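Subject: Structure handover

Hi,

Here is the structure I promised you. Please open it alongside this note, and my findings follow below.

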Amino acid sequence: MTTSRRITLASRPTGQVQTTDFGSDEVEVPPLQDGEFLLAVEYLSIDPTIRGWMSYDTYLPKIVKGDVIRSAGAGEVVESRNDRFPVGSRVFGMPGWQTHAVQTGGVAIPDGVTYEQALSVFGITGLTAYVGLEDIGKPKPGETVVVSGAAGGVGSIAGQIAKIMGARVIGIAGSPEKCRWVVEELGFDDCIDYRAEDVGAGLSRTCPDGIDVYFDNVGGETLNQVLSRINDHARIALCGAISQYDSGTPAPGPANLINAIPRRALLKGFIILDHMDRAAEASQAMGKWMAEGRLQVRTRARGSGFRPECAEGSVQRRQHRQDAGAGVASVGRGESRSLRVGRAVDARAPRRCPRCPRWGAVGRANREATTPHCPRRASRPASARAARRTRL
Ligand SMILES: NC(=O)c1ccc[n+]([C@@H]2O[C@H](COP(=O)([O-])OP(=O)(O)OC[C@H]3O[C@@H](n4cnc5c(N)ncnc54)[C@H](OP(=O)(O)O)[C@@H]3O)[C@@H](O)[C@H]2O)c1
């Protein structure tokens, strides 16, 4: 009988997530029914949207207390009563934060595509960047595109696609290292470190001719500052509002929204689940751009103990902006399992952390990282954490 280790929702967080918001258990996997297959999860995607699912209804109902934490993930089929997903095939789907998941569907991962790529550039992250630009932003050559969350999974790909479309691209990110990465390695034209420079001043400096397209991942004051600098017929793709996800109360609307009227601007929100029919088209484009060397996707393995303490750390790492790129955690067997910089959780064959053995297992990637990854370290003063933080 196979058992599955699970991370569950123990309580609904208000503000930042805490270890106590997560539970863990081990359950027996029931015998498979016709049409089902058993996925041994290798990687989990640690997405900002999980923070919302834990607390409130969004485009999906909130996670039921006691249920496994909902998330995308990928792994290998180890038992099957489904002809489409035979034993040995690799599948991307929504297994949640558990080591083994009974599934009825998913997307077969083609040969040559790694788990990390399946969860990032060829998954929701890449598709989100693609649809936001192709359908809403529609940058023309020479136009100015601003991307917030520029060093994150979606933002780093969105900015590169905008460059491929011929635009001038300005990123907004939260550290000098991230800004250097998006400019020097990804080819953005400039980047505003919003922690070191007032974002309004940075936009005036880098966008002297105004902003034609804004790919918004953060909402809040950054959106407000962009709105006061948009050109006529500007397009704003409202992708995310990560600056507000921990907020217990709704933020006031942007004071500069009124400028959208004289500028005849378009502001359009979108949810990628409505656009899954574009996945093949997006993957084909991404694959071509990668083969041509025009699109880079940064991945880094981050193993994580499959325990509530580490679940808290995984979500907070995204919220606290300690990683660049897309977020993936390796759940398992992983030596050098990598996650898109951003999120995936490793669930199998965990190791003991040499720095905090009391808190148990972490993967090798964590052993090598300087980011705090357990409550004991995370409870240190913010200044001490900052000193140890690896931002990229
Ligand atoms: N609409 C959809 O269907 C859809 C689909 C996928 C994702 N999304 C949204 O897209 C956004 C990006 O997702 P992702 O997968 O790229 O996430 P990600 O890889 O975790 O990156 C998010 C970035 O946001 C920045 N950030 C975090 N807190 C912030 C704050 N308070 N203020 C400003 N920036 C902050 C961080 O970078 P810095 O250190 O640079 O601040 C981080 O790198 C999220 O808002 C997510 O919810 C939407």
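Two strands pair if DSSP finds at least two bridges between them. Keep that in mind for what comes next. Note also that this is a predicted model.

**The chain overall**

The protein chain holds twelve helices and 19 strands. Of its 392 residues, 52% are buried. Take the contacts between residues at least 6 apart in sequence: 65% of them join residues at least 24 apart.

**The antiparallel strands**

Start with β3 (residues 37-45) and β4 (residues 73-80). They run antiparallel and are joined by seven bridges. Tyr43 has Ala74 of β4 as its bridge partner.

β4 also pairs with β5 (residues 90-93). That pairing is antiparallel too, with four bridges. Gly73 is bridged to Gly93 in β5. Glu76 stands opposite Arg90 of β5.

β5 goes on to join β7 (residues 107-108). Two bridges link them, again antiparallel. Here Val91 has Ala108 of β7 as its bridge partner.

**The parallel sheet**

Next comes an open sheet of six strands. Its pairing is parallel, and the order is β10-β9-β8-β11-β12-β13. Which strands stand at the edges? They are β10 (190-193) and β13 (266-269). Each has a single partner strand, so one side of each is left without a neighbour in the sheet. From one strand to the next, the twist averages 15°.

Within this sheet, β11 (residues 211-216) and β12 (residues 230-238) pair over five bridges, in the parallel sense. Phe215 has Ala237 of β12 as its bridge partner.

Two helices to look at pack on the sheet. One is α6 (residues 199-206), which touches β8 (144-148), β9 (168-173) and β10. The direction of α6 makes about 165° with that of β10. The other is α7 (residues 220-227), which touches β8, β9, β11 and β12. The direction of α7 makes about 170° with that of β11.

**Helix α6 and its neighbour**

Which residues of α6 are buried? They are Val199, Gly202 and Leu203. Seen down the axis of α6, these buried residues fall within an arc of 100°, so they line one face of the helix. Their cover includes β8, β9, β10 and α7.

Two packed helices are described by the angle between their axes and the distance between the axes. For α6 and α7, the angle is about 40° and the axes are 9 Å apart. The crossing is right-handed. From α6, the contact uses Val199, Gly200 and Leu203. From α7, it uses Glu221, Thr222, Gln225 and Val226. By type, the residues of this contact divide into three nonpolar, three polar and one charged.

Now find Ile170 in strand β9. Why does Ile170 count as buried? It has 27 C-beta neighbours inside 10 Å, and the cut-off for buried is 20 or more.

Set aside residues up to four places away in sequence. Ile170 then touches Thr144, Val146, Phe188, Asp189, Asp190, Cys191, Ile192, Thr206 and Cys207. Ile170 and Ile211 are 41 residues apart in sequence, and their C-alpha atoms are 9.6 Å apart in space.

Most residues other than glycine have a negative phi. Two residues to check here have a positive one.

- His233 has a phi near 60°. It lies in strand β12. His233 is exposed, with 10 other C-beta atoms within 10 Å.
- Arg264 has a phi near 50°. It sits in the loop between β12 and β13. Arg264 is exposed, with 11 other C-beta atoms within 10 Å.

The cut-off for exposed is 12 or fewer such atoms, so both residues qualify.

**Where to look**

For a quick tour, begin at the β3 and β4 pairing with its seven bridges. Move to the six-stranded open sheet. Then turn to the α6 and α7 crossing, which is right-handed. Finish at His233 and its positive phi, then at Arg264, where phi is also positive.

Best wishes

Notes: Residues numbered from 1 in each chain as written. Predicted model: local features only at pLDDT ≥ 70, side-chain atom pairs only at ≥ 80, totals over all residues. Axes fitted to C-alpha atoms, helices over the stretch in contact; angles between N-to-C directions. Contact = placed C-beta atoms within 7 Å. Arc of directions from axis to C-beta. Left-handed = near helix turned anticlockwise from the far one by under 90°. Nonpolar A, V, L, I, M, F, W, Y, C, P; charged D, E, K, R; others polar.
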